[in-house]
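Visitor: Hi, I'm new to this one. Could you walk me through it?

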Amino acid sequence: QVQLVESGGGLVQPGGSLRLSCAASGSIFSINAMGWYRQAPGKQRELVARIVSGSINYADFVKGRFTISRDNAKNTVYLQMNSLKPEDTAVYYCNGRVRSSRYDGYVEVWGQGTLVTVSS
């Protein structure tokens with residue numbers, strides 16, 4: 001079984017920065033995608049940024065402000081968030097597509113979420 005654990009959320013003023021981390025642990029054979037989604041109150045969960053087989057995709061609303069990166073050796077993905085806006089306030093979820101062995105297919109795994117609040 002694979003677990004994703006996020007950290008780094010919190011309260012920040014508009015214009016500030018935060019760095020989120022997500023570490024995968026457990027029975028991991030390979031990971032071919034890791035990324036971040038977010039869900040604001042009363043809204044659907046939406047993609048923020050994702051790395052799929054080395055290719056990076058960003059949502060339009062974070063381009064130029066957020067940067068996703070991955071440390072394959074540590075099975076960890078990061079989200080550096082700069083120039084934060086109040087509308088970035090949401091619970092941020094880590095997502096991974098993971099195989100536990102060479103005999104298994106890829107499954108989607110989610111973290112528990114970390115709250116980011118942007119407010120003065």
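Guide: Here is a short tour, from the overall fold down to single residues. This is a predicted model, where local features need pLDDT of at least 70, side-chain atom pairs count only at pLDDT 80 or more, and totals for chains, interfaces and linings use all residues. Residues are numbered from 1 along each chain as its sequence is written, and side-chain values use heavy atoms, with hydrogens and water left out.

Visitor: Okay, how many helices and strands does the protein have?
Guide: Zero helices and eleven strands. Helices (H or I, at least four residues) and strands (E, at least two) are DSSP runs, numbered from the N terminus. Written from that end, the elements run β-β-β-β-β-β-β-β-β-β-β.

Visitor: What radius of gyration does the protein have, next to a compact globule?
Guide: The protein has 14 Å, and a compact globule with 120 residues would be near 14 Å, so the two agree. That radius is taken over C-alpha atoms, and the globule rule is 2.2 Å times the number of residues to the power 0.38. The C-alpha atoms fill a box of roughly 50 × 25 × 25 Å along the principal axes.

Visitor: And what share of the residues is buried?
Guide: 42% of the 120 residues. Buried means under 20% relative accessible area, exposed is over 50%, and partly exposed is in between (1.4 Å probe, protein chains only). The accessible surface comes to about 6,300 Å², with 47% of it belonging to carbon and sulfur atoms. Those areas come from the Shrake-Rupley method with a 1.4 Å probe, and for residues only the protein chains shown count as cover.

Visitor: New topic: how many aromatic pairs are there?
Guide: The count comes to one. The partners are Y37 and W110, with ring centres 5.1 Å apart and planes at 65 degrees, so the pair is edge-to-face. The rule takes rings of Phe, Tyr and Trp (its six-membered ring) with centres within 6.5 Å; planes under 30 degrees apart are stacked, over 60 edge-to-face and the rest tilted.

Visitor: Which residue lies over the face of W110?
Guide: That's R45, at 4.6 Å from the ring centre. R19 lies over the face of Y78, at 4.1 Å from the ring centre. A charge sits over a ring if NZ of Lys or CZ of Arg is within 6 Å of the ring centre and within 35 degrees of the ring normal.

Visitor: Back to strand 4. What does the side chain of S30 join up with?
Guide: S30, which is found in strand 4, has a 3.0 Å polar contact with the side chain of Y106. A polar contact is a pair of N or O atoms within 3.5 Å; within protein, one must be able to donate a hydrogen and the other to accept it, and residues adjacent in sequence count only if both atoms are side-chain atoms. Leaving out residues up to four places away in sequence, S30 touches R97, V98, R99 and Y106, where contact means heavy atoms within 4.5 Å.

Visitor: What about S21, buried or exposed?
Guide: S21 counts as buried, at 18% relative accessibility. S21 belongs to strand 3 (residues 18–26). Not counting residues up to four places away, the residues S21 touches include W36, V77 and Y78.

Visitor: And the loops? Where is S53?
Guide: S53 is in the loop between strand 5 (46–52) and strand 6 (55–58), and it is exposed at 62%. Its phi is near 50 degrees, a positive value in a residue other than glycine. N75 has a positive phi of about 50 degrees too, although N75 is not a glycine. The loop holding N75 runs between strand 7 (66–71) and strand 8 (76–81).

Visitor: Is A73 buried or exposed?
Guide: A73 counts as exposed, at 76% relative accessibility. A73 is placed in the loop between strand 7 and strand 8.
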